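Colleague: I would like to learn how to read a few features of a model. Please give me the general idea each time, then the case at hand.

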Amino acid sequence: NMTIKNWFVRSERIKDKHGGLIKYGKYLVNMEHANHKNTESIIPVYGNIENFIRTCSNEAVSLDLENSQKKGGRPVQSYAQSFVFSLPPSVVKPTPGEWKSITSDILKELAKKLDIDINDFKGRVFANVHDQDNPHLNLVVSRVVQGKTLKALDQKGTIGVAKKAFNAASLARCGLDVSAYEPLQTNVGPHLAKWQLQQKDSEKALKEIGLKSKAFDNDIAKTKEYGRLSAMLNNQIVKWIFSIGSGDIGNENRQKNRIEKTTEELSKLNISKEQAELLDSMFEMAETKTGKTLENRVRWKI
């Protein structure tokens, strides 16, 4: 069970027709499976696995029957397409409700891309979340819908749309930016650049799928500000640790004042409990490393 350090989307056809679909479906809902040793729970998101397998198989078998009466009709080899959307372990996990919203945002974009009605997905989609350090959303879609094979389901463009929708929906629904939260590190330079780059990508993705609306604007602005200030705080704490190590008292005090200022700015954001815990752990790590305390810490308003 590898740990994925980034946001990640994988898509593949489920092989072996009905048998393959049953095997994969069983795996998705089985907490006892060897791969699920580190899975805390399996969160149901959309659909029922038995009904889904039944509908997929009926659709495929009906199409096979219809094709067999025509010349050159090819049998359906794969009954469903699987998508796996993973989050890195460093982000705050979405709630079950947020996972549902993210899934419905992804399905809306997939329906648009596949040129089908969103209602055609009813009963032909199954989704759940394997909740572990790097939680992932499993989404399975029938490859045959209303008697038609969705040939575009595994095309690169479709997977690209799914990934954009996942990134944008995660940002809009629960303030998760593609830029993973970086723990306290000494080489923050490249991470800051990466954070800014990914932030631009997230904004672009939001615009492209039209998710940006006034309701989200405030949340997104707040999320961006939190990201900017926490990256700045990370940098200042690292410099504070270095100044203590090199005995530079002037710089130590300078960084301490900057830390207090940034902390005060962060406390105005009314951050979540999880964000506060992440920030507190930065302070604790710094204090453990130096044996000094960062006094006058402004408490976060939660």
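Modeller: Start with axes, which are lines fitted to C-alpha atoms, for helices over the stretch in contact, with angles running from 0 to 180 degrees between N-to-C directions. This is a predicted model, in which local features need pLDDT of at least 70 and side-chain atom pairs count only at pLDDT 80 or more, while totals for chains, interfaces and linings use all residues. Residues are numbered from 1 along each chain as its sequence is written, and side-chain values use heavy atoms, with hydrogens and water left out.

Colleague: How many helices and strands does the protein chain have?

Modeller: Both are DSSP runs numbered from the N terminus: helices are H or I of at least four residues, strands E of at least two. The protein chain has eight helices and seven strands.

Colleague: At what angle do the axes of helix α1 and helix α2 cross?

Modeller: At roughly 160°, with the axes of α1 (residues 17–29) and α2 (residues 49–68) coming within 10 Å. Angles under 35 degrees count as roughly parallel, over 145 as roughly antiparallel, 65 to 115 as roughly perpendicular and the rest as oblique. The two helices are therefore roughly antiparallel to each other. On the α1 side, H18, L21, I22, G25 and V29 make the contact (heavy atoms within 4.5 Å); on the α2 side, I49, F52, I53, C56 and S57 do.

Colleague: How is a pair of aromatic rings described?

Modeller: By the distance of the centres and the angle of the planes. Rings of Phe, Tyr and Trp (its six-membered ring) pair if their centres lie within 6.5 Å; planes under 30 degrees apart count as stacked, over 60 as edge-to-face and the rest as tilted. The count here comes to four aromatic pairs. F83 and F85 have ring centres 6.2 Å apart and planes at 15°, so this pair is stacked. Together with F166, they form one aromatic cluster.

Colleague: Is S267 buried or exposed?

Modeller: Buried means under 20% relative accessible area, exposed over 50%, and partly exposed in between (1.4 Å probe, protein chains only). S267 has a relative accessible area of 5%, so this residue is buried. Its place is in helix α7 (residues 249–267), and its side chain reaches the backbone oxygen of E264 at 2.7 Å. K261 is also in helix α7, but is exposed, with a relative accessible area of 64%. F83 and F85 are both buried.

Colleague: What share of the protein chain is buried?

Modeller: Buried residues make up 46% of the 302 residues.

Terms used. Polar contact = N/O pair within 3.5 Å; in protein donor to acceptor, adjacent residues only side chain to side chain.
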